[in-house]
Each structure stands twice: as structure tokens, then as C-alpha cells.
Amino acid sequence: MPHPAALIPKSVKPSPHWLDSQDVMQQLHISPRTLQRWRNEGKLSFSKVRGKIWYLESDIHQLLMEGR
């Protein structure tokens, strides 16, 4: 029997995983002000939907890797 991942067509990409501000602050152990500053400085990209700010999990991982 083939591996389950082999059954997914190669043209299909996994959907991105979004995190809200609370999730990001908890994962990174940062304050709301630090998160706001990173948005203002362009250090962290985001999307705003109906007044709520969302971040791509992959962008959070990239930020952490660049900080090393």
C-alpha cells in the first residue's frame, strides 16, 4: 500500500496554517507591543480580516531562523 502522502497530487499544496496574535505572543513569549513593533517595522508580515490580525506560521518560523 502506498504512503498516504503519495496519494496527494503533486500540484496540490497544503493549505497555510494561520495564527492569531495571541498564539504568536504565546509561542514567542513576547508582549503585544513587541508584536506591534515587528508589524510596523515590516519584520513580520500579517493579514487583517474583519479587524483581527493573522500571521502565517511559516513566517513565524522564518523569523525565528533569521534571528539565529
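What share of the contacts in the chain with a separation of 6 or more is accounted for by residues 24 or more positions apart? The share is 46%, where a contact means heavy atoms within 4.5 Å.

Before selecting anything, note that this is a predicted model, in which local features need pLDDT of at least 70 and side-chain atom pairs count only at pLDDT 80 or more, while totals for chains, interfaces and linings use all residues. Residues are numbered from 1 along each chain as its sequence is written, and side-chain values use heavy atoms, with hydrogens and water left out.

**The whole chain**

Start with a cartoon of the chain, whose secondary structure comes to 3 helices and 3 strands, taken here as DSSP runs numbered from the N terminus (helices are H or I of at least four residues, strands are E of at least two). Followed along the sequence, these elements give the pattern β-α-α-β-β-α. With a surface displayed, the accessible area of the chain comes to about 5,600 Å², and 56% of that belongs to carbon and sulfur atoms; such areas come from the Shrake-Rupley method with a 1.4 Å probe, and for residues only the protein chains shown count as cover. Of the 68 residues, 25% count as buried, a term that means under 20% relative accessible area, as against over 50% for exposed and anything in between for partly exposed (1.4 Å probe, protein chains only).

**The core**

Next select Leu19, Val24, Met25, Leu28, Ile30, Leu35, Trp38, Leu44, Ile53, Tyr55, Ile60 and Leu63, the 12 residues of the largest nonpolar core. Such a core is a set of buried Ala, Val, Leu, Ile, Met, Phe, Trp, Tyr and Cys residues joined through side-chain atoms within 4.5 Å. Helices α1, α2 and α3 and strand β3 each supply at least two residues of this core, and α1 gives the most, with 3 residues.

Move to α1 (21–28) and show the side chains of Ser21, Val24, Met25 and Leu28, which are buried. They lie on the same side of α1, because they cover an arc of only 95° around the axis, the arc being that of the directions from the helix axis to the C-beta atoms. In general, an α-helix has 3.6 residues a turn, so residues three or four places apart point the same way. The buried residues of α1 pack against β1, α2, β3 and α3.

Where they meet, Ser21, Val24, Met25 and Leu28 in α1 face contacts from Pro32, Leu35, Trp38 and Arg39 in α2.

Stay with Ser21, which touches Leu35, Arg39, Ile53 and Tyr55 when residues up to four places away in sequence are not counted. Ser21 and Ile53 are 32 residues apart in sequence, yet their C-alpha atoms are 6.4 Å apart in space.

**Two residues with positive phi**

In the loop between α1 and α2, select His29, a residue other than glycine whose phi is positive, near 55°. His29 is exposed, with a relative accessible area of 72%. Then go to Arg50, in the loop between β2 (47–49) and β3, where phi is again positive, near 50°. Arg50 counts as exposed at 87% relative accessibility.

**Strand β3**

In β3, centre the view on Trp54, which counts as partly exposed at 27% relative accessibility. Leaving aside neighbours within four places in sequence, Trp54 is in contact with Trp18, Leu19, Asp20, Phe46, Ser47 and Val49. Trp54 and Asp20 are 34 residues apart in sequence, with 4.7 Å between their C-alpha atoms. Then select Tyr55, whose contacts, on a count that omits residues up to four places away in sequence, include His17, Trp18, Val24, Leu35, Leu44, Phe46 and Ile60.

**Helix α3**

Finish at α3 (residues 57–66), where the buried residues are Asp59, Ile60 and Leu63. These cover an arc of only 105° around the axis, which puts them on the same side of α3.
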